[in-house]
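Hello,

Here is the structure I said I would pass on. My notes follow below it.

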Amino acid sequence: MRWEDFRRSGNVEDRRGGGGGGGRLPGGRGGLGIGGLIVVGLIAWATGINPAVLIGGAEILMGDGGSSQSQSQAPSGKTGAPQDQMGQFAATVLAQTEDVWAPIFKAQGKTYQDPGMVLFSGATRSACGAAQSAMGPFYCPADEKVYLDLSFFEEMKRRFKAPGDFAAAYVIAHEVGHHVENQMGILAKVQQMQRQVSRTEANQLSVSVELMADCLAGVWAHHADAQWQILEDGDIEEALNAASAIGDDRLQKQSQGYVVPDSFTHGSSAQRMRWFKRGLDSGDMRQCNTFQGNI
């Protein structure tokens, strides 16, 4: 993926120790030397264990965690583009999502509000409650920020064989996709609906939210490549491999030896790949309706 020559977003808050975590891009050429807890984050992020439940509100269920008190107590860090390679990479992908979604919203007569991004190591606080590395990346609708421990990408490479800078970009774009959904009012509608249905039906709604975010990540990739030619040979395969690696069915099979479709919250490997590819091929967010008229 070509990214080095593009602007970095200033909407990044770096809460890592010393303002930078060092490390290299997750492309198979060195790593960040992380511990093993983030494997739990992958399971929580992409299987029946919903991170929204774990942190009291992240991603789609704000619940009681999104209080003004928790937001006001969140630690502060350096704001602006980080100086280390991985931090700059994340800030560049965030900037590209800003530059893609703003004109798309404008064409619809709407204003896109940029999300924030918080880089942290180990643990921090969000307006949705506590955030830990083991939870994996998530979007908090209460403060409209993406929370990310960059060592997650090294764990994707080492434990789940999903390496590559574009695989990492897909994950970031997926979380920004939740922000797009939030801007469209979808997350609030889903939250309300989930309170009125069974757990199985609530899980199905969660799957629709996640697959839509996958599709929106594909829309971002389509427009980013059209404008800046960011894609290199093998990049699409990296993203599809990552989408497959973090499908509910595959991770449940790896973690517990069997699959429970009713507990899916993010979608199967095949679904995640299909919806990302749909957004990538079309570049049209109207093609990303995973709810089939249900909201």
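A residue is called buried when its relative accessible area is under 20%, exposed when over 50%, and partly exposed in between (1.4 Å probe, protein chains only). The model is predicted: local features need pLDDT of at least 70, side-chain atom pairs count only at pLDDT 80 or more, and totals for chains, interfaces and linings use all residues. Residues are numbered from 1 along each chain as its sequence is written, and side-chain values use heavy atoms, with hydrogens and water left out.

Helix α9 covers residues 235-245. Helices (H or I, at least four residues) and strands (E, at least two) are DSSP runs, numbered from the N terminus. Because 8 of its 11 residues are buried, α9 is largely enclosed by the rest of the structure. Among the buried ones are Asp 235, Ile 236, Leu 240 and Ser 244.

Glu 237 is also found in α9, but counts as exposed because its relative accessibility is 51%. On the surface, Glu 237 gathers with Glu 4, Asp 5, Glu 232 and Asp 233 in a patch of negative charge.

Two loop residues have a positive phi without being glycine. Gln 229, in the loop between α8 (199-228) and α9, has a phi of about 50°; at 46% relative accessibility, Gln 229 is partly exposed. Glu 144 has a phi near 60° and sits in the loop between β6 (138-140) and β7 (145-148). With a relative accessible area of 29%, Glu 144 is partly exposed.

Regards

Definitions and conventions. Patches are made of residues with over 30% relative accessible area and no salt bridge: like charges are joined within 9 Å, nonpolar side chains (Val, Leu, Ile, Met, Phe, Trp, Tyr) within 5 Å. Accessible areas come from the Shrake-Rupley method with a 1.4 Å probe; for residues, only the protein chains shown count as cover. A salt bridge is a side-chain nitrogen of Lys or Arg within 4 Å of a carboxyl oxygen of Asp or Glu. Lys and Arg count as positive and Asp and Glu as negative; His and the chain ends are not counted. The place of a charge is taken as NZ of Lys, CZ of Arg, CG of Asp or CD of Glu.
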